[in-house]
Amino acid sequence: MNKTSRRTFVAGVSAAALLTGRSVAFAQKKYDDGASDTEIKIGHTNPYSGPASAYGVIGKTIQAYWKSVNEAGGINGRKVNFITYDDGYSPPKTVELVRQLVEQDKVLCTFNTLGTPTNTAIHKYMNQKKVPMLFVATGASKWGKPKEFPWTMGYQPDYHTEAVIYAKHLLANVKDAKIAVLMQNDDYGKDYWEGFKEGLGKEGNRVVKHVSYEVTDPTVDSQVIQLKDSGANVFFNIATPKFAAQAMRKAGDIGWKPVIYLNNVSSSVASTMKPAGFDNVQGVITAQYLMDPTDKQWADHPDMKMWTEWMKKSNPGASLDDASNVFAYSVSFLMHETLKKCGDNLTRENLMKQAANHQKLKVPLLLPGITVNTSPTDYYPVQAVQLSRFKGETWELFGDVMHAEST
Amino acid sequence: MPAFPKKWLIVLLVLGVVVPLLQPVLPNLVSDYRLFLVSTMMIAAIAVLGLNLLTGFNGQISLGHGAFYAVGAYIAAILMDQANFPYWATLPFAAVLCFIVGYLFGLPALKLEGHYLALATFALALAVPQILKYKWLEGLTGGVQGIVLNKPEVPFGLPLSEDQWLYYYCFIVMVFLYWAASNILKSRSGRAMMAIRDYHIAADTMGIDTALYKTVTFGISAAYTGIAGALSASAIAFVAPDSFNFFLSIKFLIGLVVGGVGSLAGSLIGGVFYVLVDNSAQALSTFVKNDLGLQFDLSAYTVFGILLIVLMYLMPMGIAGGVYALIRSFRRAAPVSPERSAPAATRKPAQAGESH
């Protein structure tokens, strides 16, 4: 990143402010709670402990991001005060902590609060209080409803839309499809499943077998055997990395060779494809929107180089294989850009206005051709995905970037 | 001997009623957020009291009270969501249903003692969130999505904020339940419960129907915790299976042990501790990292654990027991051994209860 140029820019702005006279400069500044001449306060909750603590790395990378922003001079001369709390993925705790952030710490907004149940618990509250709840970290499809919830905005493409895309692709490309579905039994799994059914439409009876597993199950071997026995020739794998890998390895072991659609959640080469065995996953199809840090084809991409360098310098000790760190960087960048655009008008209203006013914004680490677009009626920042097929030891993108229409 | 005289109880009650009304005078000190926090403490105190009735006064160990809490919360949520019940009318239903569930669970529990009972209840705590997700119940429970509710509205056009009202709502319920508990414990049944705790065989020989008392105590205990759950559903205005993971049950137990097993005042302290320490442990761990500049990544739970160990070492009878022992040693009474301070701690709130 061009740190020097930003510094010069800030210096230039301050010089201009001095020259034009203080009164003028001050007259244009507008603040709500959490913003001042020197500081912008942002709140965040994340499960650093408890059953979902694997997501804790996202919070840590975001902290590192704001630290490096502050070291480079902050945003328009203001330091970011990033306050993050551990909610342990427990909705009542999230309510308590977010109330603390809004009412005691007086943050300007919350950013990337993580989890579907946890965000559901604070959804109404944030909108009643009219505090921006930006770029929440969940793939559920309910975060982009500007009419009912004008203060809440998502970030990633939602699971529902992704599943619709798989269903459409499958109907167009597989003859006489008989579909078997493996699903994690929770909100994430169900969101995919609903989307998939919607995408199949009238062809819904092509699903010959649908089984689920619990996050606490040790393996999904027996489920995979059931799926094979159904005689299906398509396998839709709605599972988190560990289970997705187990399922595809088992399918290979018992000689089941269906067309496999794998959800994006588990598209990491290092944590899914490799443990599943490269032989077992040739031809698997998924949809992506971020660059996978373990996919060799991106190794020389400038975004990836920049990220790797940043990770080594500012976030030492964090895993360079973990796609969560890529996610955290890209979403923080979007928040950074949004705050920059607010200029000296750091009111909650203006923040929401700017968040809903991104046109073709290039965010590092999004796949080439995918940009961030929002508007007062479109609260889904990243809505495009591209299908890719596994070949050798890497994903190969194919087809066009697809813009999902879930609104 | 009374270490917790009537006048203190009255002072506490008056403070409990008056302090929230100071909000217009001291808006920063008595903020809505703090009142909400105190409300969650009172809810936790009720749940810990429920567990205390079972463990502290009847000697049965439960690692599964989170399950009753969840059942209470879901009963309240479903009644509000599906049957349009007003929030306050859900409490008796939650209490009765949880009593039944607790009573039924108490029957097989009769055959189980000590660790075995602990494990059986633990299984219950693990099972309930899964059952809530079960597809036949999904229509009612909303499955993994949970149920979004409305916060209690201020009745009769009282000039209170939502959180002030929530506070009074919890306060009234808590005071009533403590009064009821102290009366139960003072009665014949209460003495029977404690006799069973102290010496099961002796109690049996004296003609106490131990099976009946144990199952009914289980039921009452579950009802208390269920009411706490129902209150929490109103306070948080959202229920989901993720809200009731098994750690909730462990936290109740920690609150119980830290507050003081077999002490009504201890349950109250346990409820406060349950909310406060969790939060301050986190604040402390970030303080160590950012302000002291130490490069340990102490997780909040590490700090929580250290605090617990220190506390257990300094006050093995819980905070209530410890404070009571301190007061006694200040008064230069005979030196207190930990064994003797326990029943003393038990008697103290019973005496306080007489003031009603």
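Asn112(A) counts as buried because 25 C-beta neighbours lie inside 10 Å; a residue is buried if 20 or more other C-beta atoms lie within 10 Å of its own, exposed if 12 or fewer, and partly exposed in between, with C-beta atoms placed from the backbone. The loop between strand 4 (109-111) and helix 5 of chain A holds Asn112(A). Helices (H or I, at least four residues) and strands (E, at least two) are DSSP runs, numbered from the N terminus. The phi of Asn112(A) is near 55 degrees, a positive value in a residue other than glycine. Most residues other than glycine have a negative phi.

## Basis of the model

This is a predicted model, in which local features need pLDDT of at least 70 and side-chain atom pairs count only at pLDDT 80 or more, while totals for chains, interfaces and linings use all residues. Residues are numbered from 1 along each chain as its sequence is written, and chains are lettered from A and ligands numbered from 1 in the order in which they are written.

## An exposed asparagine in chain B

Asn84(B) also has a positive phi, of about 55 degrees, although Asn84(B) is not a glycine. Asn84(B) is found in the loop between helix 3 (65-82) and helix 4 (90-109) of chain B. Asn84(B) counts as exposed because 7 C-beta neighbours lie inside 10 Å.

## Contact between the chains

Chain A gives 24 residues to the contact with chain B, and chain B gives 23 residues; two residues are in contact if their C-beta atoms, placed from the backbone, lie within 7 Å. On the side of chain A that touches chain B, the elements giving two or more residues are strand 3 (79-86), helix 4 (91-104), helix 5 (116-129) and helix 7 (187-200) of chain A. Helix 4 of chain A supplies the largest share of that side, eight residues.

By class, the side of chain A that touches chain B has nine nonpolar, seven polar and eight charged residues. Ala, Val, Leu, Ile, Met, Phe, Trp, Tyr, Cys and Pro count as nonpolar, Asp, Glu, Lys and Arg as charged, and the others, Gly among them, as polar.

## Packing of helices 4 and 5 of chain A

Helix 4 of chain A and helix 5 of chain A pack at an angle of about 35 degrees, and their axes are 8 Å apart. Axes are lines fitted to C-alpha atoms, for helices over the stretch in contact, and angles run from 0 to 180 degrees between N-to-C directions. The two helices cross in a right-handed sense; a crossing is left-handed if the near helix is turned anticlockwise from the far one by less than a right angle, and right-handed if clockwise.

Pro91(A), Thr94(A), Val95(A), Val98(A) and Val102(A) in helix 4 of chain A meet Pro117(A), Thr118(A), Ala121(A), Ile122(A), Tyr125(A) and Lys129(A) in helix 5 of chain A. The residues of this contact comprise eight nonpolar, two polar and one charged.

## Domains of chain A

Chain A is assigned domain 1 (3-157 + 298-383) and domain 2 (159-288), with bounds that come from an automatic or database domain assignment. The centres of the two domains, taken over C-alpha atoms, are separated by 33 Å. Their contact takes eight residues from domain 1 of chain A and ten residues from domain 2 of chain A. The side of domain 1 of chain A that touches domain 2 of chain A has four nonpolar, three polar and one charged residue.

## Two residues in helices of chain A

Leu334(A) is placed in helix 12 (residues 323-342) of chain A. Leu334(A) is buried because 24 other C-beta atoms lie within 10 Å. Not counting residues up to four places away in sequence, Leu334(A) touches Phe135(A), Val363(A), Val372(A) and Pro381(A).

Arg249(A) lies in helix 9 (residues 241-253) of chain A. Arg249(A) is partly exposed, with 18 other C-beta atoms within 10 Å. Leaving aside neighbours within four places in sequence, Arg249(A) is in contact with Ala276(A), Gly277(A) and Asn280(A).

Chain B has 15 helices and two strands, and 50% of its 356 residues count as buried. Among contacts in chain B between residues at least 6 apart in sequence, 76% join residues at least 24 apart.

The largest nonpolar core has 219 residues, and those with the most contacts inside it are Ala45(B), Ile46(B), Leu49(B) and Ile227(B). A nonpolar core is a set of buried Ala, Val, Leu, Ile, Met, Phe, Trp, Tyr and Cys residues joined through C-beta atoms within 7 Å. Helix 2 (residues 32-58) of chain B contributes the largest share of this core, 17 residues. Leaving aside neighbours within four places in sequence, Ile46(B) is in contact with Met174(B), Leu177(B), Tyr224(B), Ile227(B) and Ala228(B).
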